[in-house]
Amino acid sequence: MEVKKQIDQELSDIILPEHFVNNVLYAARNKRRKRGLQAAVIILCVMLTGGTAGAGYFLYNNIHVNKEVLPALEPMEKKAVNNCSGSMDDKGHYLEEYTSYQELCSELGIRLLSSKLAENNPYMLIRRETDNLNWNTIYVNPYILGDVKSVNREFGKERYTWEEGSEFSSPIDMEINIIVSESQLKHGWDKDFLGTYEFVEAYTTMQGYQANIIKDVSVTGTSRPKYCAVLVADGIRYLLKGQVELETMKEILDSLE
């Protein structure tokens, strides 16, 4: 069971382009595209077997873009957090939602990086997922609104819609990864970006944190590109993503303290 949980976690940390699954499903519905489906499945298998799940657990805390290992970030550390008292899903993971970032930090019992740019965001939905043994993953969507307009979220739904602004073509979502056991610390926790991602640059924030900035080159037809930024601060990893200019993403990273 523990091996299954480890594999489930590692597969969840493989980030595929958003259009990949849709392409596979479209090919499956179209018999004339059988060869396209076969090719997609082969590509997926190659990408998965090249990721951390098939690596025999000789894991660290590397960030990969396809098979390129990005510049090293600060090391992740074991952190002591309070257990999650939420409901358990069919994978044996505990799930809980919070109404504010302050409530999340209080429930965890630790301090997390925060940005003044995220203040007064009434649409923030925070979801915590953990096995209460080794790891915690927290999703904050949307974290920073920027100047987007007409944000709309269906009650109880993770997805939301918006109208882009003059600087932000989308809000900024955030994911937080926390190691809570010696076993997970020993295994490490790689993060793999597969498919249409490319490394842009390593960036040092105003607070002195090292960050890797990655671009999703598949995003077209919008006024701004989509960037992902990954950094580790005080042993905790943060991933931010959204459609903004590169300089705006750097300003967001600089605001984290």
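Start by selecting Pro 142, which sits in strand β7; helices (H or I, at least four residues) and strands (E, at least two) are DSSP runs, numbered from the N terminus. Asn 141 and Pro 142 are joined by a cis peptide bond, with omega at about -10°. A word on what you're looking at: this is a predicted model, so local features need pLDDT of at least 70 and side-chain atom pairs count only at pLDDT 80 or more, while totals for chains, interfaces and linings use all residues. Residues are numbered from 1 along each chain as its sequence is written, and side-chain values use heavy atoms, with hydrogens and water left out.

Two strands count as paired if DSSP finds at least two bridges between them. Pick Glu 129 and look across to β7, where Thr 137 stands opposite.

Zoom out to the sheet. Nine strands make up an open, antiparallel sheet, in the order β4-β5-β6-β7-β10-β15-β14-β13-β12. At the edges are β4 (87–88) and β12 (197–204), each of which pairs on one side only.

β12 and β13 run antiparallel and are joined by seven bridges; select Glu 198 and you'll find its bridge partner, Lys 215, in β13. The hairpin of these two strands has five residues between them, and Gly 208 there takes a positive phi near 90°.

Next, the helices. Select α4 (residues 101–108): it lies across β5 (94–98), β6, β7, β10 (172–179) and β15 (236–243), and runs at about 170° to β7. Axes here are lines fitted to C-alpha atoms, for helices over the stretch in contact, and angles run from 0 to 180 degrees between N-to-C directions. Then pick α6 (residues 246–255), which packs on the sheet and touches β7, β10, β12, β13 (210–216), β14 (226–233) and β15, with its direction at about 45° to that of β12. Contact means heavy atoms within 4.5 Å.

Now for the core. A nonpolar core is a set of buried Ala, Val, Leu, Ile, Met, Phe, Trp, Tyr and Cys residues joined through side-chain atoms within 4.5 Å. The largest one has 43 residues, and Tyr 101, Leu 112, Ile 176, Ile 178, Tyr 238 and Leu 253 have the most contacts inside it. At least two residues of this core come from each of α4, β7, β10, β13, β14, β15 and α6. Centre on Leu 112: leaving aside neighbours within four places in sequence, its contacts are Tyr 101, Leu 104, Cys 105, Ile 176, Ile 178, Ile 236 and Tyr 238. Elsewhere there's a second, separate core of 16 residues, including Ile 63, Val 65, Met 76 and Val 232.

Select Lys 226 in strand β14. Is this lysine buried or exposed? Lys 226 counts as buried, because its relative accessibility is 10%. Its C-alpha is 5.4 Å from that of Gly 242, 16 residues apart along the chain.

On to the aromatics. Rings of Phe, Tyr and Trp (its six-membered ring) pair if their centres lie within 6.5 Å; planes under 30 degrees apart count as stacked, over 60 as edge-to-face and the rest as tilted. The structure holds three such pairs. One of them, Tyr 160 with Trp 162, is tilted, at 5.3 Å centre to centre and 45° between the planes. Phe 193 and Tyr 197 have ring centres 5.3 Å apart and planes at 70°, so that pair is edge-to-face.

Last stop: the loop between α4 and β6, where you'll find Asn 120. Its phi is near 60°, a positive value in a residue other than glycine. Asn 120 counts as exposed, because its relative accessibility is 76%.

How values were computed
Buried means under 20% relative accessible area, exposed over 50%, partly exposed in between (1.4 Å probe, protein chains only).
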